[in-house]
Amino acid sequence: MEKITSLAKRRGFVYQSSEIYGGQNGAWDYGPLGIELKNRLAQAWWKEMTQLNDDIVGLDAAILMHPRTWEASGHVENFTDPLVDCKKCKSRFRSDHIPEENIAAKKCPDCGGELTDVRKFNLMFTTHIGAAEDTASLIYLRPETAQGIFVNYKNVIQSSRMKIPFGIAQIGKAFRNEIVTRNFIFRTCEFEQMEMQFFVKPGTDEEWYEEWKRRRWAYYEKLGLKMDHFRWRQHGVDERSHYAKDAWDIEYLFPMGWRELEGIHNRSDYDLSRHSEYSGKDMQYIDQESGESAARYIPFIVETSAGLTRNLLMTLCDAYDEEKVADKGNEDDIRTVMRFHPVIAPVTVAVLPLMRKDGLAELAQDIRKELKEDFAADYDQAGAIGRRYRRQDEAGTPFCVTIDYESKENNSVTLRFRDSMEQIRVPRAELSERLRKEIKEYKRVK
Ligand code: GAP
């Protein structure tokens with residue numbers, strides 16, 4: 001993880017938030033390569049959910065919601081972690097993360113000092129809206145994007161004529177006052193989620209649940225990730241969230257071990273029933289196609305809930321590779337290479353003139369300008385060509401296009417592949433088409 005954190009900072013994927021002031025715990029900033037990677041991960045998920053599924057539409061709800069939302073959702077009452085403090089060293093722990101003997105003996109696992117009683121700590125951030133800072137103006141920063149979908153489900157049906165079964169997808173920020181924020185961007189106080197809520201007829205929920213488990217696994221396979229680093233884990237009954245009838249996590253083998261990447265939940269009719277109760281609005285679906293008399297029911301919800309920023313960490317870990325390469329007679333030279341799938345790579349193609357002189361730089365700029373219309377195309381003319389390849393390898397750029405003297409003579413370029421370091425000659429006129437083909441047919445070998 002240290003290597004990944006250091007590369008992330010050095011190459012502009014992720015910076016510590018407010019670093020010049022000593023940093024802000026639980027918050028991170030995404031640099032030039034990081035924002036490209038994050039945007040592409042979001043686009044890949046959005047395409048998978050909305051473009052490739054006729055029965056899923058998108059939504060972008062506000063972060064600030066009516067405070068009753070969070071009473072109805074159960075978050076005010078249940079969204080808590082059990083917390084203890086050490087009176088001596090002032091360390092703070094989640095009591096379910098330290099040995100039971102320590103809790104029983106009230107003994108700090110770090111310094112042996114006395115621990116406080118376990119108390120419940122609500123993870124929602126609160127703030128105030130308007131001029132008065134009283135209880136009437138209290139408002140929460142949303143701890144999940146899901147509720148914005150539930151409260152809009154009738155609006156979506158009315159405006160887009162969706163019929164059950166159908167889904168609503170959303171990507172957005174969520175906030176949790178996490179007690180322990182460790183492991184880089186894995187668990188942070190401000191993060192982004194990619195959530196999809198699928199509304200189904202009661203009784204068909206288990207079938208749909210299995211279908212969504214299958215589809216989410218297939219999605220990660222499509223991104224060319226190391227699938228032996230993925231596994232399923234079912235939540236035990238006492239571990240499940242208050243809304244869940246069933247819950248499975250897709251876990252990823254991060255450097256610190258197996259951890260949750262995405263949750264697939266059968267939320268039953270809990271959310272819509274509660275919103276109906278708390279708002280007084282009828283949340284029933286009227287099924288016009290169910291025979292003579294229209295049937296009414298509160299839909300069940302199958303949720304797929306992935307962290308976007310956690311997915312970004314996963315892709316950094318998954319892509320990171322160090323490879324021994326024989327370079328200029330030095331048998332032990334190591335190259336660091338980020339093996340991103342071209343669909344998510346921050347830069348798709350880098351154009352490099354072999355020399356700056358003799359018109360090569362101008363020709364390279366011209367080719368880059370052409371490629372920019374269709375691809376994320378970078379340009380680099382600084383330093384020896386070998387160094388420039390290494391820089392692109394480290395940024396995870398899958399293709400480099402080199403312009404040399406032959407390019408001037410016969411309008412061809414060298415296309416270099418990041419993974420194999422193989423180089424081939426391609427006519428300039430065929431370059432775009434060739435890149436499109438390579439992206440489409442990309443298979444990860446290592
Ligand atoms: N709507 C359901 C829900 O929010 P969750 O299991 O609490 O379920 C879903 O969160 C996903 O959101 C997690 O699998 C994780 O990827 C991401 N996530 C949750 N808390 C996070 C945090 N503090 N920092 C980064 N990502 C987080």
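About 1,400 Å³ of space lies in the largest pocket of this predicted model. To find spaces like this, a 1 Å grid is laid over the protein atoms alone: a pocket is an open set of points with protein on both sides within 12 Å along at least five of seven lines, a cavity is a set where a 1.4 Å probe fits but cannot get out, and lining residues have an atom within 4 Å of a point. Grid points are joined across faces, edges and corners, and the volume is the space filled by probe spheres set on the points. Two notes on the ground rules: since the model is predicted, local features need pLDDT of at least 70 and side-chain atom pairs count only at pLDDT 80 or more, while totals for chains, interfaces and linings use all residues. Residues are numbered from 1 along each chain as its sequence is written, and side-chain values use heavy atoms, with hydrogens and water left out.

So who lines the largest pocket? There are 48 lining residues, and Arg94, Arg176, His235, Ser241 and Glu260 lie nearest its centre. By class, they split into 23 charged, 14 polar and 11 nonpolar. Here Ala, Val, Leu, Ile, Met, Phe, Trp, Tyr, Cys and Pro count as nonpolar, Asp, Glu, Lys and Arg as charged, and the others, Gly among them, as polar. Strand S13 gives the most to this lining, with seven residues. Other elements supplying at least two residues include helix H4 (75–78), strand S4 (80–85) and helix H10 (308–319). These labels are DSSP runs numbered from the N terminus: helices are H or I with at least four residues, strands are E with at least two.

What sits in the largest pocket? The ligand does, where "sits" asks that more than half of its atoms lie within 2 Å of the pocket's grid points. Strands S10 (190–200), S13 (257–266) and S16 (300–307) each give two or more residues to the shell around the ligand, and S13 gives the most, with five. In total, 21 residues surround the ligand, the closest being Glu144, Glu178, Thr188, Glu195 and Glu260; to count as near, a residue needs a heavy atom within 4 Å. The shell holds 10 charged, six polar and five nonpolar residues.

Now zoom in on the polar contacts, which are pairs of N or O atoms within 3.5 Å; within protein, one must be able to donate a hydrogen and the other to accept it, and residues adjacent in sequence count only if both atoms are side-chain atoms. A ligand nitrogen is 2.5 Å from an N or O atom in the side chain of glutamate 144. Glutamine 193 has a side-chain N or O atom 3.0 Å from a ligand oxygen. Glutamate 195 places a polar side-chain atom 2.5 Å from a ligand nitrogen. Taken alone, the ligand exposes 560 Å², and the protein buries 93% of that; accessible areas come from the Shrake-Rupley method with a 1.4 Å probe, and for residues only the protein chains shown count as cover.

Next, find the second largest pocket, with a volume of about 780 Å³. Its lining has 25 residues, with Lys47, His341, Pro342, Val343 and Ile439 nearest the centre. Helices H2 (32–51), H8 (205–222) and H14 (431–440) each give two or more, and the largest share, five residues, comes from H2.

Most residues other than glycine have a negative phi, and most peptide bonds are trans. The bond from isoleucine 164 to proline 165, though, is cis, with omega near 5 degrees; proline 165 is in the loop between helix H7 (153–160) and strand S9 (166–175). Phenylalanine 184, not a glycine, has a positive phi of about 60 degrees, and lies in the loop between S9 and S10.
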